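Visitor: Please take a close look at one part of this model, the aromatic pairs and what surrounds them. I would like one connected account.

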Amino acid sequence: MVSSPISIQSVTDTASTQLASLQTAADYQSSAIALPNSPLFGTDGIRGKVGDLLTASLALQVGFWAGVVLRQNSQNLGSVIVGQDSRNSSDMLAMAVASGLASSGLEVWHLGLCPTPCVAYLTSITDAVGGVMISASHNPPADNGIKFFGRDGAKLPQSWQTEIEAGVRSQTNLCIGQNAWGRSYLRSDLVQNYTESLKKPLLQNRDFAGMRIVLDLAWGAAVNLAPAVFQDLGAEVICLHDRADGDRINVECGSTCLTSLQAAVREHRATLGFAFDGDADRVLAVDDKGRPVDGDYILYLWGKALQTRQQLPENLIISTVMANLGFERAWEKIGGRMIRTPVGDQYVQAEMVRTGGMLGGEQSGHILCRHYSITGDGLLTALHIAALVQYAGVPLSEMVSQSFATYPQLLRNVRVEDRDRRMSWNQCTAIQQAIARAEAAMGNQGRILVRASGTEPVIRVMVEAASADLTQYWTENLVLAVQQYLNN
């Protein structure tokens, strides 16, 4: 356990000038801000364009009501741990959230720049009542987000998120019952506890000596941690996009764009490469031939290793509706079982808890292994995949080739700026009819998934079929339908 702060620097007193007139619940409820009709909380907290949905005023109120909810659901008044990514707006939002939390009477420990799983881990091992990460993950620089963790390091329960939103919308009967003020402290020293936890399972059994590993850090949250951890384990490390840069985070780099990583792996004849997103809670790999290795392959390879060691209960992997059919059928062929959930790591995590599953994740590279972590962690995943390659003694490309072949799958994002139309897309009769026609035409030779992203202003259209021609045809057909009926 990490103890309460010793010899720490006080950053702010509670009563900031923003809060001078906001001392009661009624004051907060009277502070009108423009809110969408659709829910604030998506699949990964509150996320949107800064200055549009996300403002300092909203962050202040969200912080206050989160503090109220955390206090009312906690027996002990511990701290709230706050971290952030490198976006230009993250300082502003972190300060506003911290002010709101402090005005509810809670102490705030601010980590500064760090990966999202760092916040989750430190929340789980301290006496903290919760954690907050300011990040929009893989989104572009203009976006940002606020995501919460409970005292166990898991995503905040949906019912608690609903209570927070009700407070923000002035629709709550929650009792405040106190006028205490909290304080805010810098606790960047705690990040070292997280990095040591990453290395500990590998130090005695794995040595990355002889491995040349390229890391694409996406100008984001892992720039200060990932290179040092791999180097400490003996790897030669080559870094791309390795400074905190709020103007370029995720821009044509990281897990959303593997082009530069693929080129660097080939140029440097590297063992493999890893690309993180802006907050390093997800990762994709590139093999020694420069080919992408997505979350489906990562789950298969890690799952097979755990299965061999009899560390995978019921040979179960939890994935989402996006998982490729080729992955599912190959996993079943070696005695495995897969359960699919809706897209979103919170659904994967909930199903893992419900079933006792130890490994789960998403095709996009958000991987959860409960042997080592309670939440998705890109850096942890990368370390363990590197260890698997080192232990196998064969190139990652060979391991992938021996695993499975994917079914042709296309995923297209259709931008829909109107949030209310986007979130209620499934009420559009014309789109539902287009989907029904496609499903009837493909029969059992394919499947379709259309959904509103919970993290970006897009409708995602995914088609998977036995042939590339079928996939291409019906993807284009459905994309046109979405564009026609939601953007006019």
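Guide: Tyr-297 and Phe-404 are both buried. The model is a predicted one, and in it these two residues form a stacked aromatic pair, with 4.2 Å from centre to centre and 10° between the planes. Tyr-297 belongs to helix α9 (residues 295-308), while Phe-404 sits in the loop between α13 (396-401) and β18 (409-415), so the pair ties together parts that are 107 residues apart in sequence. Tyr-297 and Phe-404 also belong to one aromatic cluster, together with Tyr-300, Phe-327 and Trp-331. Across the whole structure, a search finds 11 aromatic pairs.

Another pair also involves helix α9. The ring centres of Trp-302 and Tyr-372 are 6.4 Å apart, within the 6.5 Å limit for a pair. Their planes meet at 15°, so this pair counts as stacked, the cut-off being under 30 degrees. Trp-302 lies in helix α9 and Tyr-372 in the loop between β17 (367-369) and α12, which puts the partners 70 residues apart and makes the pair a link between distant parts of the chain. The two residues can also be described by their accessibility. Trp-302 has a relative accessible area of 2% and is therefore buried, as the value is under 20%. Tyr-372, at 31%, is partly exposed, because this value falls between 20% and 50%.

The axes of α12 and α6 (residues 191-203) come within 10 Å and cross at roughly 20°. That angle is under 35 degrees, so α6 and α12 are roughly parallel to each other. The crossing of α6 past α12 is right-handed. On the α6 side, the contact is made by Tyr-194, Leu-198, Pro-201 and Leu-202; on the α12 side, by Leu-379, Leu-380, Leu-383, His-384 and Ala-387. Sorted by class, this contact has eight nonpolar residues, one polar residue and no charged ones.

Gly-67 is found in helix α2 (residues 56-72). Its relative accessibility is 0%, and Gly-67 therefore counts as buried. Leaving aside residues up to four places away in sequence, Gly-67 touches Leu-101, Ser-104 and Leu-106.

Technical notes. Residues are numbered from 1 along each chain as its sequence is written. This is a predicted model: local features need pLDDT of at least 70, side-chain atom pairs count only at pLDDT 80 or more; totals for chains, interfaces and linings use all residues. Side-chain values use heavy atoms; hydrogens and water are left out. Axes are lines fitted to C-alpha atoms, for helices over the stretch in contact, and angles run from 0 to 180 degrees between N-to-C directions. Helices (H or I, at least four residues) and strands (E, at least two) are DSSP runs, numbered from the N terminus. Angles under 35 degrees count as roughly parallel, over 145 as roughly antiparallel, 65 to 115 as roughly perpendicular and the rest as oblique. A crossing is left-handed if the near helix is turned anticlockwise from the far one by less than a right angle, and right-handed if clockwise. Contact means heavy atoms within 4.5 Å. Ala, Val, Leu, Ile, Met, Phe, Trp, Tyr, Cys and Pro count as nonpolar, Asp, Glu, Lys and Arg as charged, and the others, Gly among them, as polar. Rings of Phe, Tyr and Trp (its six-membered ring) pair if their centres lie within 6.5 Å; planes under 30 degrees apart count as stacked, over 60 as edge-to-face and the rest as tilted. Buried means under 20% relative accessible area, exposed over 50%, partly exposed in between (1.4 Å probe, protein chains only).
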